[in-house]
Amino acid sequence: METVANPPAATGRQDLPGDFAIWIFIFAELLVFGIFFLAYAFARAGNVELFNEYQQYLDRETGAINTLLLITSSFFVVRAVNAIKRNAVASCVRWLGFAVLSGAVFAGLKLTEFAARHADGITLSTNTFYMFYLSLTFFHFMHVLMGMVILTAVAVKAHRGDYSAANHTGVETGASYWHMVDLVWIVLFPLVYVMH
Amino acid sequence: MKYQSQAVAKPYFIAAIGLFIGQILFGLIMGMQYVAGDFLFPEIPFNVARMVHTNLLIVWLLFGFMGAAYFLVPEESERELHSPLLAKILFWVFLVAGALTVLGYLLVPYARLAELTMNDLLPTMGREFLEQPTITKIGIVIVALGFVYNIGVTILAGRKTVVSLVLLTGLVGLAVLFLFSFYNPVNVVNDKFYWWWVVHLWVEGVWELILASILAFVLIKVTGVDREVIEKWMYVIIAMALISGLIGTGHHYFWIGAPEYWQWWGSIFSALEPIPFFMMTVFAFNMVNRRRREHPNKAAVLWALGTAVMAFLGAGVWGFLHTLAPVNYYTHGSQLTAAHGHMAFYGAYVMIVLTIISYSMPILRGQKAGSPRAQKVEIWSFWLMTLSMVFITLFLTGAGIQQILLQRYTDNPLPFMVVQDKIEMFYWMREGAGVVFLVGLILYVSAFFVKGGEREEITDSSGMASATSS
């Protein structure tokens, strides 16, 4: 409760990178995904054969490429935070741009994947496995878009000169959210696409 | 008060409390009918009493929200209300329309009321909570539009604060979502979707914005804590409330004929709905603990804290009890739902309206706070109403659990009315708690008339209301 009472922005405490409020969001987001993953495990335990059968129709190659894309984008975001800590504004904006670009490629690949499933006539009602697959990947997809919006906003503000080595909380805030989006995918991909 | 036009809030608050008393009286009549089925029959049949009980609740809460908006918007916007005259006219339109509608429910059979109000031209009647004749619904829309216009112009022309903008968003949402009540498709599955988009998206969506902004306003006033801190909390709470509340609508799609995946979506997202309420509780206690001033209106501070706690318990905890699809399969439409409904409405919406009335009424009457004796009576009323509502909830939960075990979760389910006889004891106890609630409400009203003791006249103007301006 005490940490809640004293957000770093108000008191200067700096035990978490970025704005304290984003960590409440991150906690809430991880909770939703956590519950979704538990529900997946619970549902799978009752339908192991069904889950194993339909899992093999998923596009693991694109999934693996997407995993690399997101991990790389997280690296870009780390470089952006490092850059702003050195007052290198242009470099910070450039790294953020690379991260948003990686996110865009991820989103593009995901859309082709959704389009292919849609062409196969697969919907949320096809079976429990596809329900989870579509729900989880779509819900995560929306978070990638949200993360891209946040990173773009941070990049625009950085470009305008709103951040510096002394004041870079905003960059860290956006970076923290993006890492969360990445982290969720790192759990989601093996869980839904790979593990039998 | 700071601005003359804030005075238009007063009749709204008085009407709200008057209708609140009516709501409780009909609640008691209905509670009696649970144990003595022919009580007051045929004058007031159960279905009519229920309709009056729930409709009066909605109408008096709307009066309370409007009064709250008229009081806090001028202060937040730092200017007079756009049109106090419009506010006064809409007050009488709404009061007369509401009174005529309730009289219609009581004096003529519902089917005759439908005929008289020409329901067949645009059929919207006959659905739970949206029973109002079409013409009343049109009246509600006109009042809501005029109200939102009046408030909106004031906010947009003046200082824009997070509190007033969140309130405006909630009020616009309230007005817009009500429009779904005019669409009444023949297909019952379709109908249920539109019905929930009014009912659920009101109480688990836009009303939460209204609640959060009124609570934040009162907390800013009584604690003197920096606006920036409170605003950051509001953003987080509102974002969570909207996301969990909007997708959480899915917990109403479990058994209405919607696709099966809603059982997952509805369960998972609505399971998160307690979180913003919990955050609101933490927020309220934090702000009061970090207060920079001792506000003389102790009763208002108590109501504000009570709102946060009871909203979390009633809406959050009691909602979560039966929100997961596998649980709801057995509990759906049982007395457990009634338990949740009672504590959630009281904790979230009744208490926030009583909070703002408690805070603003003394100011509207030229004092900073009621006299210590008046506050003592009010604090008694707080505990009587709140504790009796806790007991109403517990008794209904007991009734619900026994009902579920005898009628649903068993190999040999008993018929509905047989089970009702077996849970009669809970209904008697609920009725007793209801009488205590009425006593609490009478005390609340009488606190406004308590004389004596030292009255704290308004002297300072440091962000507080000032007597010199009135």
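Chain A is built from eight helices and zero strands, where helices (H or I, at least four residues) and strands (E, at least two) are DSSP runs numbered from the N terminus. Follow the sequence along and the pattern reads α-α-α-α-α-α-α-α. Keep in mind that this is a predicted model, in which local features need pLDDT of at least 70, side-chain atom pairs count only at pLDDT 80 or more, and totals for chains, interfaces and linings use all residues. Residues are numbered from 1 along each chain as its sequence is written, while chains are lettered from A and ligands numbered from 1 in the order in which they are written.

Two residues are in contact if their C-beta atoms, placed from the backbone, lie within 7 Å. In chain A, 78% of the contacts with a separation of 6 or more join residues 24 or more positions apart.

Now look at where chain A meets chain B. The contact takes 18 residues from chain A and 17 residues from chain B. On chain A's side, helix H1 (2-5), helix H3 (20-46) and helix H7 (128-159) each supply at least two residues, and H3(A) gives the most, with nine residues. That side has 16 nonpolar (Ala, Val, Leu, Ile, Met, Phe, Trp, Tyr, Cys and Pro), two polar and no charged residues; charged covers Asp, Glu, Lys and Arg, and polar covers the others, Gly among them.

Let's stay with H3(A). Its 27 residues should span 39 Å at 1.5 Å a residue, and its end C-alpha atoms are 40 Å apart, which agrees; the expected span is 1.5 Å times one less than the number of residues.
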